[in-house]
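Keep the sequence panel beside it. The tour goes element by element.

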Amino acid sequence: MRLTADIWVSAYLTRLRLAAIPAFVVARGDATAGAVMVKLNTLDGRACCYQRSFDLMTGERSWVILAQGAETDVDQSVQRQRGYDPDLWVIEVEDRQGRHLLDEDGLS
């Protein structure tokens, strides 16, 4: 059974908060089935945006980089994705060390 998007986002924000990593919901998508993107802002003018990917061969879910580089370029990429999918959630994580916790158990 899969978690709804709003429950996953809530759990993710809690994990980040417990690790003292600031994060914000930039765009709220569909509560049940909306996809989630995570933008990592390293606060130096650079950013990286992750989206969840599903491997049809293995059934595994993983986070892959959608865009990275100058923050303005990453923001434009996120806006394009929001134009294609208005149900998309966007979470912005702000961490100078580049921590996003997406590689931890239970977040894929």
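Select the five strands. They form an open sheet with mixed pairing, in the order β1-β5-β2-β3-β4. Strands here are DSSP runs of E of at least two residues, helices are runs of H or I of at least four residues, and both are numbered from the N terminus. Two strands pair if DSSP finds at least two bridges between them. Now look at the edges: β1 and β4 each have a single partner strand, so one side of each lacks a neighbour in the sheet. From one strand to the next, the twist averages 25°.

The model is predicted: local features need pLDDT of at least 70, side-chain atom pairs count only at pLDDT 80 or more, and totals for chains, interfaces and linings use all residues. Residues are numbered from 1 along each chain as its sequence is written, and side-chain values use heavy atoms, with hydrogens and water left out.

Zoom in on β1 and β5. Their pairing is antiparallel, over four bridges. Pick A23: its opposite in β5 is V93.

Next, select α1. This helix lies across β1, β2, β3, β4 and β5, at about 5° to β5. Axes are lines fitted to C-alpha atoms, for helices over the stretch in contact (heavy atoms within 4.5 Å). Angles run from 0 to 180 degrees between N-to-C directions. Then select α2, residues 71-84, which packs on the sheet, touches β1, β2, β3, β4 and β5, and makes about 130° with the direction of β4.

Return to α1 and show side chains. Which residues are buried? They are A5, W8, V9, Y12, L13 and L16. They cover an arc of only 130° around the axis, which puts them on the same side of α1. The arc is taken from the directions from the helix axis to the C-beta atoms. Buried means under 20% relative accessible area, exposed over 50% and partly exposed in between, with a 1.4 Å probe and protein chains only. The face turned away from the buried side carries the exposed R17 and L18. After α1 comes A20, with a positive phi near 60°.

Last stop: the cysteines. The whole structure has zero disulfides (pairs of cysteine sulfur atoms within 2.5 Å). Select C48: its nearest cysteine sulfur is that of C49, 7.3 Å away. Buried or exposed? C48 counts as buried, at 7% relative accessibility. C49 also counts as buried, at 1%.
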